[in-house]
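Student: I have a chain open here and want to go through it with you. Can we take it piece by piece?

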Amino acid sequence: MKRISVALLLALMIAQPAWALTLDEARQSGRVGETLSGYLAARAQDSETLALTEKINAGRQQQYQRVAEQNNLPTADVASIAGQKLVSRAAAGEYVRGINGQWLKKE
């Protein structure tokens, strides 16, 4: 399990450089937040935020599927593992969606 999560996080870091600045800005401004499902969620409903969220999530879905196939696991399980890691590693001031569905600002 640990090997899978480390490989997944490395893949996510490698897959995002083209959007890193925009994603970081969106996170820091509270326009998007991480969820336990492993996918980014838009908190702001403007077209720029929605397009970024869709693009990031499409890339994540591809990475989750690739890792799942390599480890003979369901894609949803890989996404859930990644979601837990992404939520726990969110920086102070960023938003995460809790298990109850409510947004929380990390401190």
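Student: What does the accessible surface of the chain come to, and how much of it belongs to carbon and sulfur atoms?
Tutor: The accessible surface is about 6,300 Å², and carbon and sulfur atoms hold 53% of that. Keep in mind that this is a predicted model.

Student: What share of the residues is buried?
Tutor: Of the 107 residues in the chain, 40% are buried.

Student: And the secondary structure, how many helices and strands?
Tutor: There are four helices and four strands. Starting at the N terminus, the elements follow the pattern α-α-β-β-α-α-β-β.

Student: In what order do the strands sit in the sheet?
Tutor: The order is β2-β1-β3-β4, in an open sheet with mixed pairing. The edges are β2 (40–42) and β4 (103–105), each of which pairs on one side only. Neighbouring strands are turned by 40° against each other on average, ignoring direction.

Student: Mixed how? Take β1 and β2, is that parallel or antiparallel?
Tutor: β1 and β2 are antiparallel, paired over three bridges. Valine 32 stands opposite alanine 42 of β2. The hairpin that β1 and β2 form has four residues between the strands, and in it glycine 38 takes a positive phi near 95°.

Student: And β1 with β3, parallel or antiparallel?
Tutor: Parallel, again with three bridges. Threonine 35 faces arginine 97 of β3 across that pairing.

Student: Which way do the β1 side chains point?
Tutor: Val32 and Glu34 point one way, Gly33 and Thr35 the other, and all of them are buried.

Student: Which helix lies across β1 and β2?
Tutor: Helix α3, residues 47–71, and it runs at about 165° to β2.

Student: Switching to charges. How many salt bridges does the structure hold?
Tutor: Five. Arginine 27 forms another with aspartate 24, where the closest N and O atoms are 3.9 Å apart.

Student: Where do arginine 27 and aspartate 24 lie?
Tutor: Both are in helix α2 (residues 20–28), three residues apart, about one turn of the helix.

Student: Why does arginine 27 count as buried?
Tutor: Because its relative accessible area is 15%, and the cut-off for buried is under 20%. Glutamate 34 is buried too, at 3%. Aspartate 24 has a relative accessible area of 34%, so it is partly exposed.

Student: Which salt bridge does aspartate 46 take part in?
Tutor: Its side chain meets that of arginine 31, with an N to O distance of 2.8 Å. This pair links distant parts of the chain, as aspartate 46 is in the loop between β2 and α3 and arginine 31 is in the loop between α2 and β1, 15 residues apart. Aspartate 46 is partly exposed at 29% relative accessibility, and arginine 31 is partly exposed at 26%.

Student: Which residues are joined into one network by shared partners?
Tutor: Asp24, Arg27, Glu34 and Arg60.

Student: Now the nonpolar side. Which residues make up the largest core?
Tutor: Seven residues: Tyr64, Val67, Ala68, Val78, Ala79, Ala82 and Leu86. The elements that contribute two or more residues to this core are α3 and α4 (75–88). The biggest share comes from α4, with four residues.

Student: What does alanine 68 touch?
Tutor: Leaving out residues up to four places away in sequence, alanine 68 touches Leu73, Pro74, Thr75 and Val78. Apart from this core lies another one of six residues, including Leu23, Ala26, Val32 and Leu40.

Student: Last one. Among contacts with a separation of 6 or more, what share comes from residues 24 or more positions apart?
Tutor: Such residues account for 49% of those contacts.

Definitions and conventions
Residues numbered from 1 in each chain as written. Predicted model: local features only at pLDDT ≥ 70, side-chain atom pairs only at ≥ 80, totals over all residues. Heavy atoms only, no water. Pairing = 2+ DSSP bridges. Axes fitted to C-alpha atoms, helices over the stretch in contact; angles between N-to-C directions. Contact = heavy atoms within 4.5 Å. Salt bridge = Lys/Arg side-chain N within 4 Å of Asp/Glu carboxyl O. Buried < 20%, exposed > 50% of the residue type's maximum accessible area, 1.4 Å probe, protein only. Core = buried A, V, L, I, M, F, W, Y, C linked by side-chain atoms within 4.5 Å. Areas by Shrake-Rupley, 256 points an atom, 1.4 Å probe, with all protein chains shown as cover.
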